[in-house]
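Biologist: Let's go through this model label by label. I will ask what each term rests on, and you set the value against the rule.

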Amino acid sequence: MTSMEKRLQKELQAMTKDPPAGVSVNTDLLSSNLSEWVVDIEGAPGTLYESERFQLGFKFTSRYPFDSPQVMFLGPNIPVHPHIYSNGHICLSILTEDWSPALSVQSVCLSIVSMLSSCKEKKLPPDNALYVRTCSKDPKKTRWWYHDNSV
Amino acid sequence: MASEQHAFAYDPEKNYDEDIMAQQRQIEKEIAETQPLVSGLFTFDDIVEEYTSEDAVYRHKIEDLKTRYANMRKTRGDGNCFFRAFGFAFLESLIKDPTDYSRFLELVTKSKDELIALGFPQFTLEDFYDTFIDIVKQVKSPGTVEKLVETFNDQGLSDYFVVYLRLIVSGFLQKKEDEYIHFIDGERTVKQFCSQEVEPMGKESDHIHIVALTKALEVPIRVEYMDREGLTCNAFTFSASDTSDDSLVKPAVSLLYRPGHYDILYPL
């Protein structure tokens, strides 16, 4: 087993045994070497996204946990949020420059749930149209400019 | 080159991020291919060749270093150089003189539970801790400098070691939040600073990282600053406690700082 698989195996165990509220790994959609995961998340009660269901796709390289995972929303229901583009890409610093190998799938999911929970108005990012038209398929190939810590 | 630049026309409808990032990856790849994580020994006569004969200030300062240091090792310029240089140099010093080994092992063994108590997730922390302790124990098993060089050039092991040192610094700063909040720029909490500037790999170390690491591990460090000011290097000793007098401290590790980078120095 590679060090990436060993680490992900451990994370998977922790996530299935003791999943954080509103987060669950979709074990039917796990790839055999654990390099791709789908995580179901549910908007927290009392927030703008209450009881809405979303899917997050995770992709890991063999350099994980030194390389950050590629994380984006999948499927037909993409949350409308000022930091989430309509193609599923997420503007969140821990996914690129503030990633640390001590973070995990769980901490990424919790950050995304908390980002949804603190949202006060459902609206798309101001540059959504241009970004979605010109960006790479891989959100990690975007040089994100993090300028707003409030949501 | 100039004509290519001249021909470049910026297209606001195009996204250049991918090209720019590909170029950054290429630069990182070149650095990784040409610079070992921790090099063999260099003499100062090798180092002086890095500077042109017109570069009198630097050449003069290398002569100054020669009066106090025998030789040096270089580390890879990947943003982790301070942590890697410190880690290697300190363990190497323990191979040569194991007096401080037991104290150090006890202190770092206790650090795991302290970090978990501070909120670091146990299951990610454990991997880094286990590798870190294995490497520390190599010093006594019995340790050789050759084996240590090999370990520190194995990227998997070496990076795990660096991660754990970063977590120790983060834990120390968070524990002493009241004291260190005044040294953090921007409107950030100590925890935010740590998650942005300490814990991620490749983030360069500043004064505050060095102060925190020396105090957390109680290992004094001397840094020789080599910049364009003055004629000699400025040496600064980071003492391991607030009470000790710099002049009485015998640093366990000596590092050479050249703008943006740390290498390891060996005193005469």
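Predicted model: local features only at pLDDT ≥ 70, side-chain atom pairs only at ≥ 80, totals over all residues.

Biologist: What makes E1 and E2 of chain B a strand pair?

Modeller: The bridge count. Two strands pair if there are at least two bridges between them. Strand E1 (residues 38-42) of chain B and strand E2 (residues 69-75) of chain B are joined by 3 bridges, so they pair. They run antiparallel.

Biologist: How do you know that E2(B) also pairs with strand E6 of chain B?

Modeller: By the same test: 4 bridges join E2(B) to strand E6 (residues 261-267) of chain B, and at least two are needed. These strands run antiparallel as well. Tyr69(B) has Pro267(B) as its bridge partner in E6(B).

Biologist: Over to chain A. What is the strand order of its open sheet of 4 strands?

Modeller: The order is E1-E2-E3-E4, with antiparallel pairing.

Biologist: Why are E1 and E4 of chain A called edge strands?

Modeller: Each pairs on one side only. Neighbouring strands of this sheet are turned by 25° against each other on average, direction ignored.

Biologist: What makes strands E2 and E3 of chain A partners?

Modeller: 7 bridges join E2 (residues 36-42) to E3 (residues 53-59) in chain A; the rule asks for at least two. One example is Val38(A), whose bridge partner in E3(A) is Gly57(A).

Biologist: Why is Gln70(A) called buried?

Modeller: Its relative accessibility is 13%. Buried means under 20%, so Gln70(A) qualifies. This residue lies in strand E4 (residues 70-74) of chain A. Among the residues Gln70(A) touches are Gly57(A), Phe58(A) and Pro139(A).

Biologist: What makes the link between Gln70(A) and Asp138(A) a polar contact?

Modeller: Their side chains are joined at 3.1 Å. The limit for N or O atoms is within 3.5 Å.

Biologist: Now the interface. How many residues of each chain are in contact?

Modeller: 25 residues of chain B contact 24 residues of chain A. The two chains bury about 2,100 Å² between them, 57% of it on carbon and sulfur atoms.

Biologist: Why is the meeting of Asp127(B) and Lys10(A) called a salt bridge?

Modeller: The N to O distance is 2.9 Å. The cut-off is within 4 Å, from a Lys or Arg side-chain nitrogen to an Asp or Glu carboxyl oxygen. So the pair qualifies. On the chain B side, helices H2, H7, H9 and H11 each supply at least two residues that touch chain A.

Methods. Residues numbered from 1 in each chain as written. Chains lettered and ligands numbered in written order. Heavy atoms only, no water. Buried < 20%, exposed > 50% of the residue type's maximum accessible area, 1.4 Å probe, protein only. Polar contact = N/O pair within 3.5 Å; in protein donor to acceptor, adjacent residues only side chain to side chain. Contact = heavy atoms within 4.5 Å. Axes fitted to C-alpha atoms, helices over the stretch in contact; angles between N-to-C directions. Buried area = accessible area lost by both parts, 1.4 Å probe. Lists of a residue's contacts leave out its neighbours within four places in sequence.
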